[in-house]
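Subject: Structure handover

Hi,

Here is the structure I promised to pass on. Please open it alongside this note.

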Amino acid sequence: MAARTRALAAAQDAPHTVLEYSPSQDHFGEHAAEELGTDPAATLKTLVIAHAGNEREMALCCVPVAGHLSLKAAAKALGWKHAEMADPAKAQRATGYVVGGISPLGTLRELPLLIDASVEPLPTITVSAGQRGLSIAIAPADLARLGGGRFAPIGTQ
């Protein structure tokens with residue numbers, strides 16, 4: 001059977017669980033954690049950032065929904081001078097996913113992936129599976145391996 005999203009197809013090489021919930025129109029990550037009954041510190045939102053001054057250079061950042069992304073820390077981890085949130089339309093074109101369903105796996109363009117270091121020791125984290133109302137529970141190391149990502153201290157509480 002074919003995977004429903006590119007993210008699910010990308011996750012086939014690692015143990016994972018597909019989780020479904022009723023989608024929301026805003027506060028996507030918090031809503032997902034509430035609907036699924038998952039720990040907000042282990043439920044990640046995927047944010048797309050752009051290199052300030054070079055909007056074509058983008059990266060994916062996964063941080064717990066219980067916290068926030070530090071643009072300064074993300075820029076430093078990427079070796080950029082400054083970072084800013086990517087324009088939503090450009091983020092959607094680069095990833096092939098709609099805002100609220102952006103996954104760190106299976107993006108149209110290969111983008112650098114940073115995962116907040118706070119989740120590295122956890123046994124399982126939850127990330128978007130590429131559409132609103134669909135998530136994947138996966139080991140942090142597997143997410144990093146499949147997404148070509150690395151852990152960095154990019155989140156704040």
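Predicted model: local features only at pLDDT ≥ 70, side-chain atom pairs only at ≥ 80, totals over all residues.

Residues are numbered from 1 along each chain as its sequence is written, and side-chain values use heavy atoms, without hydrogens or water.

**Core**

The largest nonpolar core has 28 residues. (Such a core is a set of buried Ala, Val, Leu, Ile, Met, Phe, Trp, Tyr and Cys residues joined through side-chain atoms within 4.5 Å; buried means under 20% relative accessible area, exposed over 50%, partly exposed in between, with a 1.4 Å probe and protein chains only.) Leu44, Val48, Met58, Ile115, Ile136 and Leu143 touch the most other members. Elements giving two or more residues include strand 2 (44-51), strand 3 (54-64) and helix 5 (140-147). (Helices, H or I of at least four residues, and strands, E of at least two, are DSSP runs numbered from the N terminus.) Apart from this core lies another, of 13 residues, among them Cys61 and Val63.

Leu44 is in contact with Val63, Ile115 and Leu143, among others, leaving aside neighbours within four places in sequence. (Contact means heavy atoms within 4.5 Å.)

**Helix 5**

Its buried residues are Pro140, Asp142, Leu143, Ala144 and Gly147. Strand 2 and strand 6 are among the elements that cover them. Gly148 follows helix 5, with a positive phi near 65 degrees.

**Salt bridges**

There are two. (Each is a side-chain nitrogen of Lys or Arg within 4 Å of a carboxyl oxygen of Asp or Glu.) Asp142 and Arg145 form one (3.4 Å, N to O). They sit three residues apart in helix 5, so about one helical turn separates them. Asp142 counts as buried at 17% relative accessibility; Arg145 is partly exposed at 49%.

Glu20 and Arg4 form the other (3.3 Å, N to O). This pair links distant parts of the chain: Glu20 is in strand 1 (residues 16-20), and Arg4 is in the segment before helix 1. Glu20 is exposed at 54%, while Arg4 is partly exposed at 46%.

**Ala41**

Ala41 lies in the loop between helix 2 (28-36) and strand 2. At 36% relative accessibility, Ala41 counts as partly exposed. Beyond four places away in sequence, Ala41 touches Pro64, Ala66, Val119 and Leu122.

Best wishes
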